[in-house]
Amino acid sequence: MSVVMFEPTVLPRAARQGRPAGTPRQDLHRTSSRSNRTAAVYRRRRFAAAAIVVGAVLAVGHAGVALGGTSLAAPDARPRVVSHVVEPGDTLWSVAEELAPGTDPRPVVDALIDARGDAPLVPGETVTWLAP
């Protein structure tokens, strides 16, 4: 029995990027410029993504307010206006109790006296009060 041994033949690889087969690559220059370019691309992409997110948030907020949603600002405290039509037999005390129910009527009576002076209550007259 005889043993036949084959020796593998090494074939040169096809030339890449316009260089002859078997020549070493010169990656030092390309790698550094590529990494700088890559970092700049990532910065631009991050900036663009942040700008898109901010624009979307502003657009949604503006649309919510335009469609009748509440704004993010605190609402202004508006005084409540209470009116009372004077009926026969009403006194400043009874009017004050109706204008500010559940509170001490004395400050309301004093304010009505200051505003009216010595004028009596006339039936049919409307007395308005700005309740806090």
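Predicted model: local features only at pLDDT ≥ 70, side-chain atom pairs only at ≥ 80, totals over all residues.
View 1. The place of E97 is in helix α2, and although 11 residues separate E97 from V108 along the sequence, the two C-alpha atoms are 8.3 Å apart in space.

**View 2. The protein chain as a whole, for orientation.** The protein chain holds three helices and two strands, and these elements follow one another along the sequence in the pattern α-β-α-α-β. Of the 132 residues in the protein chain, 12% are buried.

**View 3. The pairing of strands β1 and β2.** Strand β1, which covers residues 80-85, runs antiparallel to β2 and is joined to β2 by six bridges.

View 4. Strand β2, made up of residues 126-131, has a covered face with V127, W129 and A131, while T126, T128 and L130 belong to the uncovered face.

View 5. P88 is found in the loop between β1 and α2, the latter spanning residues 92-99, and P88 counts as exposed because its relative accessibility of 68% is over the 50% limit. P88 and P123 lie 35 residues apart in sequence, yet the distance between them in space is 5.3 Å from C-alpha to C-alpha.

View 6. The loop between α3, which takes in residues 106-116, and β2 is the place of L121. L121 and L92 are separated by 29 residues in sequence, and their C-alpha atoms are 7.7 Å apart in space.

**View 7. The two salt bridges.** Side chains of opposite charge can pair when their charged atoms come close. The count of salt bridges comes to two. In one of them, the side chains of R106 and D104 meet at a distance of 3.0 Å from N to O, and D104 is partly exposed, with a relative accessible area of 38%. In another, the side chains of E125 and R116 meet at 2.5 Å from N to O, where E125 counts as partly exposed at 23% relative accessibility.

**View 8. The positive surface patch that includes R46.** R43, R44, R45 and R46 form a positive surface patch. One of these residues, R46, is found in helix α1, which runs over residues 27-66, and R46 is exposed, with a relative accessible area of 59%.

Notes: Residues numbered from 1 in each chain as written. Heavy atoms only, no water. Buried < 20%, exposed > 50% of the residue type's maximum accessible area, 1.4 Å probe, protein only. Helix = DSSP H or I, 4+ residues; strand = E, 2+ residues; numbered from the N terminus. Pairing = 2+ DSSP bridges. Salt bridge = Lys/Arg side-chain N within 4 Å of Asp/Glu carboxyl O. Patch = residues over 30% accessible without salt bridge, like charges linked within 9 Å, V, L, I, M, F, W, Y side chains within 5 Å. Areas by Shrake-Rupley, 256 points an atom, 1.4 Å probe, with all protein chains shown as cover. Lys, Arg positive; Asp, Glu negative; His and termini not counted. Charge placed at Lys NZ, Arg CZ, Asp CG, Glu CD.
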